[in-house]
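Please study the sequence and the structure before reading each solution.

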Amino acid sequence: MKIYFAVFAIYLICLSFVTNIFYPYYFQSQNLFLLDLLGIGFKPPMISFYIVSILNFLLFGLITRKTLTAKFSKFSLLIYSISPWIHYLTVLQSIYIFFLLIIQSTFFGFLMLIQNKSSKLGFAIVLVSIVISVYSEITVAITFLILLSLFIFLKPVNWINFKLFTLIMLSIFVPLVLISFSYPEALRNISRNQIRIFSDPGILAESNRLQGDSKKEGYNLAAKIAENRYFYISKVILIRILENLFPQTYFTGEKKLAYFSFTPPIFLGFIIPFVIGLYSLINKTHIRKYLLFLIALTIPSILSSYLDLTRLIICLPFIILIISLGFLELFSKKKSEYRFFIFLCI
């Protein structure tokens, strides 16, 4: 328990250090989806971001206790504590700190269901998290729908109450759909602001240019098939998915954290255990299918007009779990081997 308190102290020290540097800078406030539809303005108080950030830390600790050994649970928390990513977005008051809490709560609820299929608390946590996400932001709602589809398809939980769950889900969505149809103009504006991947005029212009160049060379049919706007947008989406999954996005300052800082979201040294952990996951046929969850968590960033590290924060727990698995693999090897890699990490 003393080690957990020590790690928590490190977390608070790092958060205080970043606060001392950046306060009072903050992101432009983002309203919740339902409130935006109804034309109600709301900005969470500054202290709420710090409270939610601490809750994220504690919840991540509970998740790692259920998925890792006690030793590596503490190690995961330490990596989480010293990662600038979470501290930057807390101090700058990003709404995605709240969405990270919702995502973690959902996974925690599912872990409870996996361990105890009849867990009413786990079922309630999942449902409440879904309700909050669906009514909070469109991109997060889309992410949740895909995550739920993956849970149903991959079946980590035997859905004893699946019919009840489906009925409740429908009852959740129907009121929102009715409200959305009541405010069509507001819905269009919110959708344009949150889903910006198709609003880039350069995509259509580039598609038309390529089609025109192909037709000049006499490839009329090929141009219609290969360079139409739908095919081109599909290529853009595929490139965006790969860009959001590249390790340098998370471990280097190539992409600006919080739009201005070249500090890496997670320190570069952790890329070694991340690659080892990822390789280990890919080699385990019964586990590697769960990497689809990581791809699903990048959807909010993919739907943005550019790679958005603010939206990608919801991937942080998953990435740290992969890093921890990599350290687990290192420590299971001979001492001379893992000491060399740990030295490289430092």
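**Exercise 1.** Classify Arg188 and its partner Glu185 as buried, partly exposed or exposed, and describe their pairing.

*Solution.* Step 1: Arg188 has a relative accessibility of 41%, so it counts as partly exposed (buried is under 20% relative accessible area, exposed over 50%, partly exposed in between, with a 1.4 Å probe and protein chains only). Step 2: Glu185, with a relative accessible area of 43%, is partly exposed. Step 3: their side chains meet in a salt bridge at 2.6 Å, N to O (a side-chain nitrogen of Lys or Arg within 4 Å of a carboxyl oxygen of Asp or Glu). Helices are DSSP runs (H or I, at least four residues), numbered from the N terminus.

The model is predicted: local features need pLDDT of at least 70 and side-chain atom pairs count only at pLDDT 80 or more, while totals for chains, interfaces and linings use all residues. Residues are numbered from 1 along each chain as its sequence is written, and side-chain values use heavy atoms, with hydrogens and water left out.

**Exercise 2.** State how many salt bridges the whole structure holds, and examine the one between Glu243 and Lys255.

*Solution.* Step 1: a search of the whole structure finds 5 salt bridges. Step 2: the side chains of Glu243 and Lys255 meet at 3.0 Å, N to O. Step 3: this pair links distant parts of the chain, 12 residues apart, with Glu243 in helix α13 (residues 229–245) and Lys255 in the loop between α14 (247–251) and α15 (271–283). Step 4: Glu243 is partly exposed at 21% relative accessibility, and Lys255 is partly exposed at 23%. Step 5: through salt bridges that share partners, Arg240, Glu243 and Lys255 are joined into one network.

**Exercise 3.** Describe the salt bridge of Arg311 and Asp308, and decide whether the two residues are buried or exposed.

*Solution.* Step 1: the side chains of Arg311 and Asp308 meet at 3.8 Å, N to O. Step 2: both Arg311 and Asp308 are buried.

**Exercise 4.** Identify the contacts of Ile323 outside its sequence neighbourhood.

*Solution.* Step 1: neighbours within four places in sequence are left aside. Step 2: Ile323 is then in contact (heavy atoms within 4.5 Å) with Ile79, Phe251, Ile266, Phe270, Pro273 and Phe274.

How values were computed:
Helices (H or I, at least four residues) and strands (E, at least two) are DSSP runs, numbered from the N terminus.
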